[in-house]
Amino acid sequence: QVQLVESGGGLVQAGGSLRLSCAASVRTFSNYAVGWFRQAPGQEREFVAAISWSGSNRAYADSVKGRFTISRDNAKNTVYLQMNSLKPEDTAVYYCASGSRLRRTAVAVTGSGLYDYWGQGTQVTVSS
């Protein structure tokens with residue numbers, strides 16, 4: 001079982017930046033595609049960004065394109081989400097995810113159905 005741990009959330013003013021990290025409990029995490037999702041109060045969880053196992057392919061939700069960047073450092077077994085120009089509507093709990101069927105997946109997977117490993121989430125709050 002893969003355990004994922006997110007960190008880096010916090011309170012920031014609109015226009016500010018945060019970098020979220022997702023660390024895995026297994027070294028083989030570097031072989032798996034990863035995604036970031038978020039859930040705001042009273043809303044359904046939504047896709048934010050995804051990256052292929054090698055890092056060569058990435059995908060973003062339209063709402064974060066040009067502001068957020070997903071990356072990975074496979075030597076550190078960590079995936080990052082750099083969030084710039086934050087808006088109050090970005091306020092949510094952010095989750096990283098991967099999946100047993102995503103080993104060596106060459107595409108950035110945007111649907112949540114293939115993700116079966118989830119972290120506990122990290123809160124991001126953007127004040128206006």
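These legends describe close-up views of a predicted model.

**View 1. The open sheet of four strands.**
Strands β1, β3, β8 and β7 form an open sheet, in the order β1-β3-β8-β7, with antiparallel pairing. Its edge strands are β1 (4-7) and β7 (68-73), each of which pairs on one side only. From one strand to the next, the twist averages 15°. Strands of a sheet pair through backbone hydrogen bonds, either parallel or antiparallel.

**View 2. Strands β7 and β8, with R72.**
The antiparallel strands β7 and β8 (residues 78-83) are joined by six bridges. Within this pairing, R72 stands opposite V79 of β8. R72 also takes part in a contact with a ring: the charged end of R72 sits over the ring of F29, at 5.7 Å from the ring centre.

**View 3. Strand β9 and its surroundings.**
How many of the seven residues of strand β9 are buried? Six of the seven residues of β9 (residues 92-98) are buried, so this strand is largely enclosed by the rest of the structure. Five bridges connect β9 with β4, and the two run antiparallel. β9 also pairs with strand β11 (residues 122-127) in the antiparallel sense, over three bridges. A further antiparallel pairing, over two bridges, is with strand β10 (residues 117-118).

**View 4. Bridge partners along β9.**
V93 of β9 is the bridge partner of Q39. V93 also stands opposite Q123 in β11. Elsewhere, S98 stands opposite Y117 in β10. In a regular strand the side chains alternate between the two faces of the sheet.

**View 5. The aromatic pair F37 and F47.**
The structure holds four aromatic pairs. In the pair of F37 and F47, the ring centres are 5.8 Å apart and the planes stand at 75°, so the pair counts as edge-to-face. The pair links distant parts of the chain, with F37 in strand β4 (residues 34-39) and F47 in strand β5 (residues 46-51), 10 residues apart. Are these two residues buried or exposed? F37 is buried, with a relative accessible area of 2%. F47 also counts as buried, at 16% relative accessibility, because the cut-off for a buried residue is under 20%.

**View 6**
Ring pairs link F37 and F47 with Y115 and W118 into a cluster. Another view of a ring shows W53, where R104 lies over the face of the ring, 4.2 Å from the ring centre.

**View 7. The largest nonpolar core.**
Which residues touch the most other members of the largest nonpolar core? They are W36, L81, M83 and Y94, within a core of 39 residues. Strands β3 (18-24), β4, β5, β7, β8, β9 and β11 each supply at least two residues of this core. Of the contributing strands, β5 gives the most, with five residues.

**View 8. The contacts of M83.**
M83 is one of the core residues that touch the most other members. Leaving aside residues up to four places away in sequence, M83 touches G16, S17, L18, L20, R67, F68, Y94 and V124. Y94, among these contacts of M83, is likewise listed with the core residues that touch the most other members.

Key:
Residues are numbered from 1 along each chain as its sequence is written. This is a predicted model: local features need pLDDT of at least 70, side-chain atom pairs count only at pLDDT 80 or more; totals for chains, interfaces and linings use all residues. Side-chain values use heavy atoms; hydrogens and water are left out. Rings of Phe, Tyr and Trp (its six-membered ring) pair if their centres lie within 6.5 Å; planes under 30 degrees apart count as stacked, over 60 as edge-to-face and the rest as tilted. Buried means under 20% relative accessible area, exposed over 50%, partly exposed in between (1.4 Å probe, protein chains only). A charge sits over a ring if NZ of Lys or CZ of Arg is within 6 Å of the ring centre and within 35 degrees of the ring normal. Two strands pair if DSSP finds at least two bridges between them. Axes are lines fitted to C-alpha atoms, for helices over the stretch in contact, and angles run from 0 to 180 degrees between N-to-C directions. A nonpolar core is a set of buried Ala, Val, Leu, Ile, Met, Phe, Trp, Tyr and Cys residues joined through side-chain atoms within 4.5 Å. Contact means heavy atoms within 4.5 Å.
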